[in-house]
Amino acid sequence: MKNDEFLIAGIAVDNTTYSFDRLFSYKVPVHLSNVKVGQRVLVPFGRGDRFRQGMILSLSYGKEENLKEISSLLDDKPIFTDEMIDTVNFIHDRYFCTYYDSVKVMLR
């Protein structure tokens with residue numbers, strides 16, 4: 001990680017339409033720098049910044065500007081294993097559903 005880079009989370013956001021479905025990038029604030037893939041979070045979403053639940057599916061470092069920040073963690077530790085994340089990605093890629101729909105299947 002370079003000094004001007006920060007942690008970016010790829011998040012599957014609840015209640016997105018299939019046509020807009022993708023992993024949304026959010027900046028991880030310094031006080032939440034211990035986040036892990038597989039944790040649920042609360043994020044501001046859309047023009048009105050209404051809070052929605054999301055699941056962290058990836059973490060990386062980058063310099064992207066103007067990213068919204070994760071508001072809070074909903075879990076103390078990851079509730080999904082790496083294998084479960086792989087299954088979420090498989091379900092999303094194989095079947096006609098959003099990322100978060102595939103997360104919800106795994107949450108049941």
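Is Asp-21 buried or exposed? Asp-21 is buried, with a relative accessible area of 15% (buried means under 20%, exposed over 50%, partly exposed in between, with a 1.4 Å probe and protein chains only). Please keep in mind that this is a predicted model, where local features need pLDDT of at least 70, side-chain atom pairs count only at pLDDT 80 or more, and totals for chains, interfaces and linings use all residues. Residues are numbered from 1 along each chain as its sequence is written, and side-chain values use heavy atoms, with hydrogens and water left out.

**Around Asp-21**
- Not counting residues up to four places away in sequence, Asp-21 touches Thr-16, His-92, Cys-97, Thr-98 and Tyr-99 (contact means heavy atoms within 4.5 Å).
- The Asp-21 side chain makes a polar contact of 2.8 Å with the side chain of His-92 (a pair of N or O atoms within 3.5 Å; within protein, one must be able to donate a hydrogen and the other to accept it, and residues adjacent in sequence count only if both atoms are side-chain atoms).

**Around Gln-39**
- Gln-39 is buried too, with a relative accessible area of 1%.
- The side chain of Gln-39 reaches the backbone oxygen of Asp-75 at 3.0 Å.
- Leaving aside neighbours within four places in sequence, the contacts of Gln-39 include Asn-34, Met-55, Leu-73 and Pro-78.
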